[in-house]
Amino acid sequence: MDFMVFQYPMITVQACLDGLLLGILFALIAYGMALQWGVMNIINIAQGDLVILGGYIAYFMYLYGIHPAWGVIVSPIIMYFIGVGIYKLVINKVVDRDLFISILATFGISILFMQLMNFAFGADVVLANSGYGTTMLFDNNVTLPNSKIFSAFVSIIFAICLVIYMKKSKLGRAIRATAQNARAAKILGVDTEKVYAATFGINAALCGVAGALISITFTIHPYMGLPYTIRSFMIVIVAGLGNLPGVAMSGMGLGVFEEFADYILGTEFRIGSVFLLLVLILVYRRFKLSRKREYLK
Amino acid sequence: MSKNAILYAVILIFGLSSPFIFPAFKVQLSILCVLIILATTWNIQGGEMGYNTFGNILFYGLGMYLCASVQVGMFFPLAEWTESGGEKTFVHTPSQFFQGMAVGLLVAAIIPTIVAGLIGYSILGLRGHYFAICTLGLGVAAGEISGGIEIIGAGQGFTTPPFPNVGGLEARGEFFYFLSFGALVLTFIAVRAIYSTRFKLILNAIRDNEDKAEAMGIETMKYKIIGWMVSAFFCGLAGGIMGGLVGYIDSTDVAFDGREMGVFMVLMAILGGKGTLWGPIIGATVFHIFKEGFWTFFLGWQYVALGVLIVVIVIYFPEGIMGWLREKYPERFGEVVDEADRKAQVELK
């Protein structure tokens, strides 16, 4: 336990800023989660592994001498097709089934991806150096890597683009219609199979963007996927499906929580505290609902 | 009845004699016993109660750490043991080892049961996938947190007391085999006894429709917690045995290994057939043979195979071996089949 964070206000400012910028990234991943959950009613445990895979695409561009920031454009395009491929191979068989089946099937995909990434890229912790330098604030007391500001900025742009796309485009409207009522949408001539594939692809593309940004700002490692899945799941259940401002807010809140947990409890408990927070949130919601004799559905 | 008695006698004789028939596979057979215990107890939740948990690994890991800590802590200072890497500084005498093991296993079984009882009320109120994700989080959180606690070895792991130098070379393997086989027999008797009472019917009622079960006047929460506590008891016991068998405990790779053991137990129960007594046992045996073959001949690709296996089993074979047999030979399962009706159904398909 280290309470220095409360004695020196600058550390608090640092933790808050770091957390907010990190949280925007989480919110981007969680938005993809909310999208597929709302539209296809599946929970994708492999979400985090798609993020890491997107990160490795950017990292590879960096290795071959291309600036990793271009990964933000390239990675979602590749990831879109990978997402559609996963949908065609596995997900389309679990869409109509029990949610647990989808959890277990995507758990299998997650293990598969983890190990394949381990083979392909090695088990080292890597990062793609963007060379953006750092910004010093408040008399050099707070250091803020420019890459973090860049990543938050890019995530916001992507989120806004996606919201506009979902509102205006034909596919966006079809996706929203399918989310509301898949059968009715089918009757009215929406090819739901195509919509599902596109939704999963868009989700994977969002993961690709987030992964590319994470590989620039933080580090990536083949086995780091599951915490990202849990974070995005947590954000979605706190914010609720289809509540985009809520997703952004709770994402940033989670980021700040994590930074403070990091300072107070120590880095070794960081991931543990995230998972514990998930349990606490679910238990809290369970008691809150049980007062009205309801339960989480 | 007599048919069943013969079957049990054959299995018992085979179980008791197998370490002498296959002396080279004693460790594998012990692990198989532990896997069967885990699959059978998972089946109480996932199969009978309809609560698909990823969290039984919590009790398994807890039992593992508790058994080893008690075994060491009864005779030596625990902190110094983990710091020195264990066996180099302190040596258990045989009587100390066996006493420690006995008390350790008792603690390893009882504390997880209490833990399950305490957290049961909060966790089991969640339903469906919320329960699944919550228990997944619980297991991973336990692994991450125990990996940060110094006294049980933190990141560098915890060496369990080595087997004392008694009874020749084969003694260690035989001791652990009979320990795990004994635990398996105990589990099987307990689970079979449970499945022949009203308790099982209540669990099935909860699985089929919990609200209706509650409306019928069943205190569902009480029975759910009891079911979880039974699982926790045997998971803790299995964990304690496994800790001694492996000889080394690491927080995320051995004890709270959600990626391996935590998924294995779900997979074995589903492979064998959820909601049957024999399903998890058959599933665990088939899975263990497959796994060992794969782990030996395609080292490195085992997780790839595991991932593919999970997807294939879940999508194409969700009813499991017992479910498939039941579909094929319903008469053997005591179901009365109307031939005309069956034919009509086949034609409809």
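A: Let's start with helix 7 of chain A: the cover over its buried residues includes helix 2 (9–40), helix 6 (146–168), helix 8 (182–187) and helix 9 (192–217), which belong to chain A as well. Before going on, keep in mind that this is a predicted model, where local features need pLDDT of at least 70, side-chain atom pairs count only at pLDDT 80 or more, and totals for chains, interfaces and linings use all residues. As for labels, residues are numbered from 1 along each chain as its sequence is written, while chains are lettered from A and ligands numbered from 1 in the order in which they are written.

Helices (H or I, at least four residues) and strands (E, at least two) are DSSP runs, numbered from the N terminus. A residue is buried if 20 or more other C-beta atoms lie within 10 Å of its own, exposed if 12 or fewer, and partly exposed in between, with C-beta atoms placed from the backbone.

Now zoom in. Helix 7 of chain A covers residues 170–180, and A:Ala174, A:Ile175, A:Thr178 and A:Ala179 are buried in it. Looking down the axis of this helix, you'd find its buried residues within an arc of 135° (going by the directions from the helix axis to the C-beta atoms), so they line one face of the helix.

For a contrast, hop to helix 12 of chain A (residues 270–290), where A:Leu289 sits. A:Leu289 has 15 other C-beta atoms within 10 Å, so it counts as partly exposed. Between its C-alpha atom and that of A:Phe153, 136 residues apart along the chain, the separation is 37 Å.

Two residues are in contact if their C-beta atoms, placed from the backbone, lie within 7 Å. Among the contacts in chain A with a separation of 6 or more, 75% are between residues 24 or more positions apart.

Chain A has a partner, too. Chain B holds 16 helices and 2 strands, and 46% of its 349 residues count as buried. Where the chains touch, 36 residues of chain A and 33 residues of chain B take part. On the chain B side, helix 6 of chain B gives the largest share, 12 residues. That side of chain B divides into 21 nonpolar, 9 polar and 3 charged residues; here Ala, Val, Leu, Ile, Met, Phe, Trp, Tyr, Cys and Pro count as nonpolar, Asp, Glu, Lys and Arg as charged, and the others, Gly among them, as polar. As for the complex, the predictor gives it an ipTM of 0.83 and a pTM of 0.86.
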